Amino acid sequence: MCVVRRPTALAEESLFSSPDVSLLECDFAQEGWEEQIAPVLSSCRAIFHLAGAMPHTSGVAGDAGLLRKINVEVVQRFYGLAASNRVGKFLFVSSLAVYGESFPEPRDEAARIAPEGLYAR
């Protein structure tokens with residue numbers, strides 16, 4: 001199961017045309033997303049969460065409350081739903097923004113963090 005905001009954008013991609021993958025349209029910025037995904041969670045073995053909101057995305061730009069809601073509160077509720085449905089793994093994919101705007105060498109978990117801006121914090 002792949003939960004996406006706009007499934008038509010991915011429908012033609014070979015990865016998503018497999019009979020083992022289905023697309024579910026859902027927008028985490030909208031109320032009621034839990035009811036949309038709850039029925040399918042019991043059949044999921046793993047969740048790869050890549051649905052964070054970016055500060056420059058239309059609908060989120062300049063709205064600190066909505067950015068926090070999607071990137072913090074929704075993730076917490078999604079994780080709780082996954083746990084209560086006994087989903088085996090929940091992988092949350094983030095970005096390098098927490099390390100700052102630019103850096104001369106690659107970063108790892110031990111690197112000093114220097115978040116700039118609302119998204120990175």
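I would like to begin at Arg86, which has its place in the loop between H2 and E4, where helices (H or I, at least four residues) and strands (E, at least two) are DSSP runs numbered from the N terminus. Everything I say concerns a predicted model, in which local features need pLDDT of at least 70 and side-chain atom pairs count only at pLDDT 80 or more, while totals for chains, interfaces and linings use all residues. Residues are numbered from 1 along each chain as its sequence is written, and side-chain values use heavy atoms, with hydrogens and water left out.

Staying with Arg86 for a moment, its phi is near 60°, a positive value in a residue other than glycine, and this residue follows H2. Arg86 counts as exposed because its relative accessible area is 74%, given that exposed means over 50%, buried under 20%, and partly exposed in between, with a 1.4 Å probe and protein chains only.

Let me step back to the chain as a whole. Its secondary structure comes to 2 helices and 4 strands, and read along the sequence these follow the pattern β-β-α-β-α-β. The C-alpha atoms fill a box of roughly 45 × 35 × 30 Å, taken along the principal axes, and buried residues make up 26% of the 121 residues. If we take contact to mean heavy atoms within 4.5 Å, then among contacts between residues at least 6 apart in sequence, 42% join residues at least 24 apart.

Now to helix H2 itself, which runs over residues 64–84 and has 21 residues. From first C-alpha to last it reaches 29 Å, close to the 30 Å expected at 1.5 Å a residue, the expected span being 1.5 Å times one less than the number of residues. Where does H2 bend? The bend is at Ile70 and comes to about 35°, taken as the angle between axes fitted to the seven residues ending there and the seven starting there. At the start of the helix, a side-chain oxygen of Asp63 reaches to within 3.2 Å of the backbone nitrogen of Gly65.

The buried residues of H2 include Leu66, Leu67, Ile70, Val74, Phe78 and Leu81, and what covers the buried residues of this helix includes helix H1 (33–41), strand E3 (46–49) and strand E4 (89–92). Lys69, also in helix H2, deserves a comment of its own: this lysine counts as buried because its relative accessibility is 16%. Leaving aside neighbours within four places in sequence, Lys69 is in contact with Ala29, Glu31 and Val74.

That brings me to the nonpolar cores, each a set of buried Ala, Val, Leu, Ile, Met, Phe, Trp, Tyr and Cys residues joined through side-chain atoms within 4.5 Å. Which residues touch the most other members of the largest core? Of its 14 residues, they are Phe28, Trp33, Ile37, Leu41, Ile47 and Phe78. The elements giving two or more residues to this core are H1 and H2. Apart from it lies another core, of 5 residues, among them Ala53, Val60, Leu66 and Ile70. As for Phe78, its contacts beyond four places in sequence are Phe28, Trp33, Ile37, Leu41, Ile47, His49 and Phe90.

There is a polar link to mention as well. Glu34, placed in helix H1, makes a side-chain to side-chain polar contact with Arg77 at 2.8 Å; by a polar contact I mean a pair of N or O atoms within 3.5 Å, where within protein one must be able to donate a hydrogen and the other to accept it, and residues adjacent in sequence count only if both atoms are side-chain atoms. Not counting residues up to four places away in sequence, Glu34 touches Arg77 and Leu81.

On the cysteines, the structure holds 0 disulfides, a disulfide being a pair of cysteine sulfur atoms within 2.5 Å. Cys26 is buried, with a relative accessible area of 4%, and Cys44, found in the loop between H1 and E3, is buried at 14%. Cys44 and Ser102 are 58 residues apart in sequence and 37 Å apart in space, C-alpha to C-alpha.

Finally, I turn to the segment after E4, where Val98 lies. Val98 counts as partly exposed because its relative accessibility is 26%, and its C-alpha atom is separated by 4.3 Å from that of Pro115, 17 residues apart along the chain.
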